[in-house]
Amino acid sequence: MKKLLGAPLPPQWKFIPAKVLSINNGIMTLASGFDAGVTAKQIVIANNHLIGQVIKSTPGQAKIMVLTNKDFQVRAKILMTNAKGIVKASVNNIITLDEVLQEIPLTQEQIIVSSGEDGVFPADLIIGKISSIEPNPTA
């Protein structure tokens, strides 16, 4: 979001360029590993968008659990309202924003960012935007 708003990314962030070798079942394989400084639990971003988190690193490759992996979740918020929820994968590689209070008005095109509340992912990394709204009356 900082880039989106024209502000620079934090200077203390160190970026390691990596080529994507494959993406399969919510796991991305990168052509950079611990020999390039990639270690488990690091976050993976591209253009200030959250991609996922490193789950394994070998000398020449790293495995990344991406947002569409069924085991991935991140605490998130709607950018303009700060309404909070949890982003998780659902069927067909679709990610959903869940556990949002029913009284919070949602509209298509609202931008979803990481909230930073989980202590894992920094706040304000872009996750995506709302494309459709399906209320859960039993929630």
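Me: How many residues in the lining of the second largest pocket are nonpolar, how many polar and how many charged?
Reply: This is a predicted model. The lining of the second largest pocket has four polar residues and one charged residue. The rest of the division, the nonpolar part, comes to 18.

Me: Which element gives the most to the lining of the second largest pocket?
Reply: The space in this pocket is about 560 Å³. Among the lining residues closest to its centre are Ile43, Val44 and Ile45. The elements that give two or more residues to the lining are strand E2 (27–30), E3 and E4. With four residues, the element that gives the most is E3.

Me: What is the bridge partner of Val54 in E5?
Reply: E4 is also joined to strand E5 (residues 62–66), by five bridges, and the two run antiparallel. The hairpin between E4 and E5 passes through four residues. In E5, Val54 has as its bridge partner Ile64.

Me: What volume of space lies in the largest pocket, and which element gives the most to its lining?
Reply: The space in the largest pocket is about 830 Å³. Its lining holds 25 residues, and those closest to the centre are Thr96, Leu97, Ser132, Ile133 and Glu134. Two or more residues come from each of E8 and strand E10 (126–129). With four residues, the element that gives the most is E8.

Me: How many residues of the lining of the largest pocket are charged?
Reply: The lining of the largest pocket includes 14 nonpolar residues. A further seven are polar. The charged residues number four.

Me: Is Gln110 buried or exposed?
Reply: Gln110 is found in the loop between strand E8 (95–98) and strand E9 (111–114). Leaving out residues up to four places away in sequence, Gln110 touches Ile78, Thr81, Pro105, Gly128, Lys129 and Ile130. The relative accessible area of Gln110 is 13%. The cut-off for this class is under 20%, so Gln110 counts as buried.

Technical notes
Residues are numbered from 1 along each chain as its sequence is written. This is a predicted model: local features need pLDDT of at least 70, side-chain atom pairs count only at pLDDT 80 or more; totals for chains, interfaces and linings use all residues. Side-chain values use heavy atoms; hydrogens and water are left out. Buried means under 20% relative accessible area, exposed over 50%, partly exposed in between (1.4 Å probe, protein chains only). Contact means heavy atoms within 4.5 Å. Two strands pair if DSSP finds at least two bridges between them. On a 1 Å grid over the protein atoms alone, a cavity is a set of points where a 1.4 Å probe fits but cannot get out, and a pocket is an open set with protein on both sides within 12 Å along at least five of seven lines; lining residues have an atom within 4 Å of a point. Grid points are joined across faces, edges and corners, and a volume is the space filled by probe spheres set on the points. Ala, Val, Leu, Ile, Met, Phe, Trp, Tyr, Cys and Pro count as nonpolar, Asp, Glu, Lys and Arg as charged, and the others, Gly among them, as polar.
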